[in-house]
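Dear colleague,

I am handing over the structure we spoke of, and below it you will find notes on the side-chain contacts in it. Please read them with the model open beside you.

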Amino acid sequence: MPRMEPESGTLTSRTPSQFFLNLSRNLLLAYQSFGVVYGDLSTSPLYVYRSIFVGNLSDYQTPDVIFGAFSLIFWTLTLLPLLKYVFIVLSADDNGEGGTIALYSLLCRHAKFSLLPNQQAADEEISSYKYGPSQPQSSSSPQLKRFLEKHKKLRTSLLIVVLFGASMVIGDGIITPAISVMSAVSGLQVQGVGLELTHGGVLLLSCVILIGLFALQHTGTQRVAIVFAPIVILWLISICGIGLYNIIIWNPKIVYALSPHYIIKFFRDTGSAGWLSLGGVLLSVTGTEAMFADLGHFTAFSIRLAFAAVVYPCLVIQYMGQAAYLSKNITAIPNSFYKSVPEPVVWPVFVIATLASVVGSQAIISATFSIVKQCHALGCFPRVKIVHTSKHMFGQIYVPEINWILMVLTLLVAVGLQDPILVANAYGLACMTVMFITTFLMALVITFVWQKNFVYAIVFLIAFWLIEGIYLSAAIMKVPHGGWASLLLASVFMVIMYVWHYGTRKKYNHDLHNKVSLKWLLGLGPSLGIVRVPVIGLIYSELATGVPSIFSHFVTNLPAFHNVLVFVCVKHVPVPFVLPEERFLIGRICPRPYRMYRCIVRYGYKDIQRDDGNFENQLIQSIAEFIQMEAVEPQLSTENSSFDGRMAVISTRSNATLTVCEQFDPTGPTVQSSKSLMLQRLRSDYDDENPQLRRRQVRFQLASSGLAIDGAVKEELLQLIAAKEAGVAYIMGHSYVKARRSSSYLKKLVIDIGYSFLRKNCRGPAVALHIPHISLIEVGMIYYV
């Protein structure tokens with residue numbers, strides 16, 4: 001679905017036409033949300049009652065206990081998805097984006113919680129960096145913030161909590177397809193449907209469906225997205241109708257169970273067995289986190305509308321109807337859902353349930369891809385190949401390596417655990433852990449981002465932790481009975497992410513403390529003591545400041561080097577998106593005769609790094625603009641430009657009088673973007689000299705202009721253009737990171753084995769940055785961290 005601009009979700013507008021336009025857009029988004037957000041949550045009735053009663057409550061299968069179980073389900077749905085997420089958590093969006101990473105991003109922008117040392121003051125001037133209107137800080141907020149910022153161990157602990165939550169979401173992406181498909185296919189074991197499969201047959205069919213599901217991921221969900229929403233809506237209507245039928249036919253008195261009195265009676269009758277059964281009750285809210293995680297695809301209002309108007313009442317009626325049926329048919333509990341379906345519609349419902357399970361699995365798999373991408377952007381996941389499967393639908397990505405890893409792990413879970421009850425135990429623990437962590441992060445957001453009094457955060461934290469803690473304690477008791485699977489999966493992914501983040505941070509700190517001295521460079525003179533040839537060299541480094549040590553290797557070992565040098569740093573900032581006109585941060589290294597520049601390319605954690613072949617053109621134009629601005633307007637300070645030391649963000653949408661023309665086709669239109677008052681016209685003519693490079697070759701030339709131009713500036717621009725026409729070389733370090741001999745055994749294990757293994761088996765940085773191999777120069781370096 002198209003990505004909409006972030007909005008608060010309210011429908012206030014100045015004119016009736018805008019009101020109805022906004023309303024119609026939100027109604028369309030609410031319709032589309034059924035196919036992405038609610039597939040997982042809406043298929044929970046397939047296995048909830050069976051998970052509650054099979055096992056701990058096998059000796060308490062009475063009508064009163066069934067009434068109490070429904071009352072627990074009803075109030076759980078009301079307090080967690082409806083009250084917590086719909087009314088509170090959905091308001092904590094990060095410029096329209098949601099999820100665990102979005103909450104951490106908000107916190108890192110409002111307090112110095114990030115452990116990566118590459119943050120700059122200029123990052124705070126990005127338009128999406130600010131969060132809403134400024135609010136007065138509470139009396140306790142500044143002191144608490146300074147306390148947390150001062151202690152690195154607390155910030156590290158916060159990162160570990162966030163990574164564990166993200167790992168649990170990935171584990172959810174492994175377990176959800178297994179439990180959903182296995183529960184749907186288990187309908188073929190019901191007597192009377194005409195085809196009764198054995199347990200092995202159900203497991204085999206489930207594995208075939210799972211393999212097919214993951215095998216189709218490379219096509220993306222765009223082609224089938226139009227049928228996703230109707231499937232889930234049809235499923236919700238079906239289970240709502242079945243629920244009403246069961247209430248009327250079997251036991252209308254089930255409506256009395258809406259009273260929390262039945263919860264008290266439930267625990268009084270069942271005791272500790274009832275507490276352990278809460279691990280099954282919490283399965284009724286699995287998939288709730290998707291409402292927040294997929295917020296960036298929709299608006300808060302559309303998600304609230306879909307849940308409150310359709311999903312919530314349909315689920316309540318279905319659970320109520322299933323309880324009404326079970327209260328009169330106790331023996332049907334092992335396969336409660338399909339047993340409660342009227343026999344004439346069993347097969348249609350089975351088909352719809354299977355399709356809905358696939359839709360729910362598809363949604364969580366796509367969400368897992370997004371989580372991996374976001375973690376990678378924050379420096380917490382190894383480099384992987386990210387394929388954007390749609391040019392029109394935001395968020396539709398495919399990660400091949402992760403897809404096949406998920407498939408193998410999902411099949412291992414299905415075949416290893418086999419019993420859907422054991423899979424459900426692992427599923428419940430994963431989902432409740434994510435909710436528990438979200439509550440904790442929300443309390444921090446209330447304090448540091450919303451700037452509310454600390455008391456509000458404490459009340460929120462205690463209220464929901466009390467509820468979720470009870471469920472989580474029951475889920476933890478199921479660890480020996482399948483719950484260990486989610487803990488094992490989450491632990492493996494968390495170790496991978498933390499090892500990668502730790503190694504990346506150590507490597508960056510090594511570069512930071514071993515960068516080339518500016519005094520040494522100035523001592524070499526503009527020629528750097530070598531011959532400068534008229535070519536542009538793009539030196540890639542993770543450093544946002546200073547000159548990397550790799551550069552000294554070239555200067556001391558090569559007889560000639562490039563005339564124009566650009567130190568490029570591709571950096572992710574803690575915002576979801578960076579506008580194209582704010583992407584390049586340009587500066588100068590050393591005086592003008594050295595022809596050395598710095599370019600920091602900034603991306604948000606949900607930005608798309610496209611391989612459109614236009615990077616060189618944009619980079620050279622931005623440097624040319626910087627040269628003009630620095631020479632003519634050194635103190636420039638407008639709404640479209642900002643300075644960080646000697647660096648400037650140059651907008652591509654200013655309203656100056658002169659233009660930069662970018663001509664794509666000799667006969668086609670010219671795209672114009674104006675830059676600086678003294679920027680001379682540059683003409684870009686694209687030439688297909690080397691089509692095998694799959695990138696456009698650009699030749700620049702200075703056009704005649706009536707405006708005066710400084711001789712030194714003109715010479716610098718001419719040298720820039722000549723170097724660009726001569727060619728571009730990409731220079732990158734091929735690093736080997738090793739722990740120092742004096743390091744502890746644990747550090748050597750993490751760096752020499754863990755981090756080195758991940759670097760050798762992930763995508764190379766040149767591939768991730770779309771650098772053409774034919775123009776790449778790599779220099780081997782050993783880092784002792």
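**Charges over rings**

Lysine 507 is placed over the face of tyrosine 783, at 4.8 Å from the ring centre. Please keep in mind, here and throughout, that this is a predicted model. A second case involves arginine 109, whose charged end sits over the ring of tyrosine 129, 5.4 Å from its centre.

**Salt bridges**

The structure holds 12 salt bridges. In one of them, arginine 109 meets aspartate 94 through their side chains, at 2.9 Å from N to O. Because aspartate 94 lies in the loop between α4 (63–87) and α5 (100–110), while arginine 109 belongs to helix α5, this pair ties together parts that are 15 residues apart in sequence. Aspartate 94 counts as buried because its relative accessibility is 0%, and arginine 109 is likewise buried, with a relative accessible area of 8%.

Glutamate 716 takes part in two salt bridges that I would ask you to look at together. With arginine 588 the closest N and O atoms are 2.9 Å apart, and this pair links distant parts of the chain, since arginine 588 is in strand β5 (residues 584–588) and glutamate 716 in helix α24 (residues 711–726), 128 residues apart. With arginine 592 the closest N and O atoms are also 2.9 Å apart, and here glutamate 716 in helix α24 is linked to the loop between β5 and β6 (596–603), where arginine 592 is found, 124 residues apart. Arginine 592 is partly exposed, with a relative accessible area of 22%, whereas arginine 588 is buried at 8% and glutamate 716 is buried at 1%.

**Aromatic pairs**

The count of aromatic pairs comes to 26. One of them joins phenylalanine 34 and tyrosine 38, whose ring centres are 6.0 Å apart and whose planes stand at 50°, so the pair is tilted. Phenylalanine 34 counts as buried at 6% relative accessibility, as does tyrosine 38 at 0%.

The rings of tyrosine 47 and tyrosine 427 have their centres 6.4 Å apart and their planes at 65°, so this pair is edge-to-face. Because tyrosine 47 lies in the loop between α2 (39–42) and α3 (48–53) and tyrosine 427 in helix α18 (residues 420–448), the pair ties together parts that are 380 residues apart in sequence. Tyrosine 47 is buried at 1% relative accessibility, and tyrosine 427 is buried at 0%.

Finally, Trp235, Phe337, Tyr338, Trp347 and Phe350 form one aromatic cluster.

Technical notes:
Residues are numbered from 1 along each chain as its sequence is written. This is a predicted model: local features need pLDDT of at least 70, side-chain atom pairs count only at pLDDT 80 or more; totals for chains, interfaces and linings use all residues. Side-chain values use heavy atoms; hydrogens and water are left out. Rings of Phe, Tyr and Trp (its six-membered ring) pair if their centres lie within 6.5 Å; planes under 30 degrees apart count as stacked, over 60 as edge-to-face and the rest as tilted. Buried means under 20% relative accessible area, exposed over 50%, partly exposed in between (1.4 Å probe, protein chains only). Helices (H or I, at least four residues) and strands (E, at least two) are DSSP runs, numbered from the N terminus. A charge sits over a ring if NZ of Lys or CZ of Arg is within 6 Å of the ring centre and within 35 degrees of the ring normal. A salt bridge is a side-chain nitrogen of Lys or Arg within 4 Å of a carboxyl oxygen of Asp or Glu.
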